Amino acid sequence: MLDEKESKSQKRKQSNRESARRSRLRKQRECDELAQRAEILNVENVSLKTEVSRIRNDYEQLLVEKAALKEETREEVSCKNH
């Protein structure tokens, strides 16, 4: 009877150890996957920031060109009226 209890206890302990080991491995795998995902997102974020900066520069340049064209148009209309 004592051996049977001892045997069940040992099996339960072994089962618990194995379950804990699987749980640790699963958590480690999840952590590794999250770290990899974070790195991918960081790279994407840098790329998007670069693109936003380029688009802002293009926009500013277009505003300057628009202002220059408006001024040219104003001057041409002014010259035609005189």
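Biologist: What should I know before reading the values?

Modeller: This is a predicted model, in which local features need pLDDT of at least 70, side-chain atom pairs count only at pLDDT 80 or more, and totals for chains, interfaces and linings use all residues. Residues are numbered from 1 along each chain as its sequence is written, and side-chain values use heavy atoms, leaving out hydrogens and water.

Biologist: How many salt bridges does the structure hold?

Modeller: The structure holds four salt bridges, each a side-chain nitrogen of Lys or Arg within 4 Å of a carboxyl oxygen of Asp or Glu. One of them joins Arg21 to Glu18, with the closest N and O atoms 2.5 Å apart.

Biologist: Where do Arg21 and Glu18 lie?

Modeller: Both are in helix H1, three residues apart, or about one turn of the helix. Helices are DSSP runs (H or I, at least four residues), numbered from the N terminus.

Biologist: Which residue does Arg54 meet in a salt bridge?

Modeller: Arg54 meets Asp58, at 3.1 Å from N to O. Because the two are four residues apart in helix H1, about one helical turn separates them.

Biologist: Turning to cysteines, how many disulfides are there?

Modeller: The count is zero, a disulfide being a pair of cysteine sulfur atoms within 2.5 Å.

Biologist: Is Cys79 buried or exposed?

Modeller: Cys79 is exposed, at 60% relative accessible area. Buried means under 20%, exposed over 50%, and partly exposed in between (1.4 Å probe, protein chains only). Cys31, at 47% relative accessibility, is partly exposed.
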